[in-house]
Amino acid sequence: MTARLSGRASRRVLLRGSAGLTLSLPFLESLLPRHATAQEATPPRRLLIWTQPNGTVMDRWAPTAGASETEFALSEILSPLERHKADMVVVQNLMQYDAYGHQYVSSLTGYGYQDLGYPKLLSKGISLDQYLAQKLAGVTPIASLELGVCAAEDYSGAISWSGPEKSVIAEASPFKVYARLMGGGSSAIADQAQAKRLLSRRRSVIDTVLDPLSSLKGRLGSVDRAVVDNYLESVRGVERELSALEARAEACTFPEVGTDPSVVGQKPWWEDNANAPAALTLQRKLAVTALACDITRVVTLTLSGSGGSSRTFNYLDGVSQLHDWHGFSHEVETGNDQELAIIEKWHAEQLALLVDDLKSIIQPNGESLLSSTLLLSNNEYGGNGACNYLPPDPGSGQRNNLTHYAKMMPYLIFGQAGGSIKTGRNLVLPFQDNSEFQRSQGNGLSHTRLLVSVLNALGHADTSFGNPEHAEGAVPGLVG
Amino acid sequence: MTRLSSSALWGIALAGLAAVACEGSPSSEHAPGSAGQGTGGSGATGAPSPIPAGFLPSQALGAGPVRRLTRAEYRNIVRELFNVEPPASQALPDDSLSSGFTSTAGQLVTIASVSRYLDAASDVASRLEPSLRSAIPCNSTEPAGESACIEQYLTSLGPRLFRRPLAADEKARYVNAFAKARTTQSYEQSASLMLEALLVAPEFLFVEVPSGASSGAKRPLDGWQVASRLSLLLWDSIPDAALSSAAEQGQLTSAAALHEQLERLLQSERARAPLRSFFDDWLGLTKIEGLVRDAAVYPSVTPSLLGDLAAESRAFVDDVLWQGKDFRRLFVSPARFRSPALSAFYGDGLGQGAELARYEAEVSERSFGLLSQAGFLMTLAQAEKSAAIHRGAFLRRKLLCGALPPPPPGVATPLPELTAGVSKRQRISEHTSSGACAACHRTFNDLGFTLDHFDIAGQWRDQDEGLPIDSKVTFDEPGLTGEIDGARQLSEALAQSPNARACVLQQLFTFTLERAPTSADQLLFDDLGRKFEASGFDLQSALTGLIESEDFRTRVEPEGSAP
């Protein structure tokens, strides 16, 4: 159900997700550029990146192409997204170069990684989301928001990198995200009154630390002083963020997340695999709230740590406990693709709910939040299906276990990014060399093209991103 | 003092490269000729140094700036100070591997990491809050009286929290924070707010010490600072009462006075875990549990087996450090650690008990030391195709301290496809023999080939891809000459290699003094080498030597611009 903003009488918009949660969001003057009035304002463009590990079953994922790019039929795995077909673009056959094994690190950076021995995999560059966040620094209270579901905290699990070797770890606790968005740090917060109390306490703590009368700096050498200054400057940064959030939170209504059921000394609630679906719902709501309230314009939502993901899905019909998500992706090699297909279809359902949420927010200019957003559905690997199955390594007696494919990446885009993307299309991109041999090997155009296209769609004129060796420009025909 | 050039004494035997590096690579300045000559002294004893000439790189990396507590230190300190469960490790800002060892040095702080410190402090303080009336007793209910109680508490807490007594202005700042909060909040709430602020104070989070000295200036540490270095190094925590009292009495500023405390801390059980972390970081043993092998190809490699393999390698390095007291035993030792699962995996009949236990066995081709331990071997290579390359690079970098730059961008091309009758070794040799690749690969591929009898699950094999394994290699470098066939012979050569011994000293130096040694440290290093040799290569004695060195009790003000 969609509620439309009707003039000045109703200053609240409604978000009604399919899980039945209702959020009411106030109309935000501060969201608008200063020169614009409510009626004619152009909403800012937003980026939301949804990332799954473990690839997919390619031949049960790829849509069937029709006579033109606007005629296509969604596959079994993508069928839950049927209702959003007019708002999506399928981008097929891109390839991640410089990538092998665990690909979160290279996924949004467009670089290969520095291997300090798994799981210490370090990025060689900045990721797309952080690059945008740095461009937008100071515009919104939080430059970017990184959300995770059961996200393993290791380097290989990081999708976001604020620069070479600087991972930005996704926050897997919806309760901490909620508290942060409300300006209360990560403490459990029951309501906005408590958030206020915590905020005031945190201010006192920060004021004590930042005491200008402190004699510490005077006792330090210049290099040491710079290091301590960096710390104190970051403390000041937290203070600024708190103030900006406080102002924004006043005008924003948050989804109810309840109190954190975790017990000290035990595995946190949100890290428990059984709670992953509920945690995902909360993170989804918080992601949409943060974008709708203009707390940030860049959000990543990562569905677990990378390849090593040990999430299990025995709560889904037809999925056994025999393997975890990662294990089922390897099962595809042995010919068993049924369980991975079920898991992937379930994720398509969850993605469809996220698109529902974005559609149900109506902005002051009368358009949905989805229309000014670019939602990229990203995957760590290319398909694991029959079309890229690698033959055994003869002589070794072993199957080649390069299941973690970097070719034929299964990208989806939702939303029009403020009109820069024409949706309802299936882009089947050519391979680098279209010979029969190359098709079977699947050497596609570089996925860095997609990173460039996303920047272009959001109004940035960049012509390359990531490894300059793969600076091929943008995805042909995607933007504009 | 007469200075004998160590290269003059050792030069003939060690002709050629000391620490092998790639020709023409950015790191080739590590090679002799640019370093070591003339700086290598013989020290006071006049005995030759066992450290190969030119082993230490010449470039001065300089002293590091102040560093923050590591996660382990933060958690131990909170537990010890307040007797509460500390925040989870992942809730704290990450440690980086600085110079190969876990440290926060050089890690910039971001808003996100400050938020983690703030959250952790808030978490600890709010859990302490209910008990603060009894933890900080106070008879008075008057503002002045309460402030006096708080000040008294800070006087007793300070030396442990800031690892030195609090200055008057510091105490005043926190008493004021309490008093200000107390105007609207309860005694407990106000005291907990003050503790929260103390836990994010830079004086708590940053380890090193204010000095105000100019760049490059050397300055002896005071007793408190030495005590703090010592306990953070050996216990990952703050000084205990005896060490604090030694610090307070102004002891610890000489090697002799330090010795007693050092021995006490070193021989305590509490030193086990922090010193194990030396091996964990150096040899990458922490990676064993997290390994993933394709279950269809290596069905025996289960998470439970990996746990046992990690325990095996850890027990083994502990054995080298505490029982064997001989570094050479890292490479060749009769000690075996077996659980029932390990016994089945290795198939050597050892390990009849229910638990992991120590056995002794003959040194054989398949079982001889670290380089035959499956868990460790598995950490070195993920794929059969390139296993020799990754193994060789690790051995060159970590066990021989050779400088290898990462491959230049764009050359990480896949190995050529399989041709019948051509072995992996031939393919790797062919593929890496051209100009740009050869400069580095020639320094480490061969090391890797000697391990070819072990597959990537660490299990012995006689054939690969239907071809017999060829693990024979001819070396021509200092301490590693002539024909070596297989990992056992390589291990025997490494146990005798001056470069491997110098390398472990370099690793231990970096771990202990938190900076990499350079040729400017030649005198200390030579001295250390002699002591190491005289002790029969006892790592504890090398560690003691480092801690008793003047460098341990000295802070060199870092030079140059800040990071």
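**Figure 1. Buried residues of helix α16(B) in the predicted model.** The buried residues of α16(B) include the alanines Ala387(B), Ala388(B) and Ala393(B), together with Gly392(B). The model shown here is predicted.

**Figure 2. Length of helix α16 and the residue that follows.** In chain B, helix α16 runs over residues 387–399. From the first C-alpha to the last, the helix reaches 17 Å, close to the 18 Å expected at 1.5 Å a residue. Just after α16(B), Cys401(B) adopts a positive phi of about 55°.

**Figure 3. Chain A as a whole.** Chain A contains 11 helices and 15 strands. Of its 480 residues, 60% count as buried. Among contacts in chain A between residues at least 6 apart in sequence, 72% join residues at least 24 apart.

**Figure 4. Confidence along chain A.** The average pLDDT of chain A is 80, and 78% of the residues score at least 70. Over residues 1–40 of chain A, however, pLDDT stays under 50; for these residues the model has 85 contacts beyond four places in sequence. The pLDDT is also below 50 over residues 384–403 of chain A, a stretch with 50 contacts in the model beyond near neighbours in sequence. Where pLDDT is low, predicted coordinates should not be read in detail.

Technical notes:
Residues numbered from 1 in each chain as written. Chains lettered and ligands numbered in written order. Predicted model: local features only at pLDDT ≥ 70, side-chain atom pairs only at ≥ 80, totals over all residues. Heavy atoms only, no water. Helix = DSSP H or I, 4+ residues; strand = E, 2+ residues; numbered from the N terminus. Buried < 20%, exposed > 50% of the residue type's maximum accessible area, 1.4 Å probe, protein only. Contact = heavy atoms within 4.5 Å. pLDDT = per-residue confidence, 0-100. Expected span 1.5 Å × (residues − 1).
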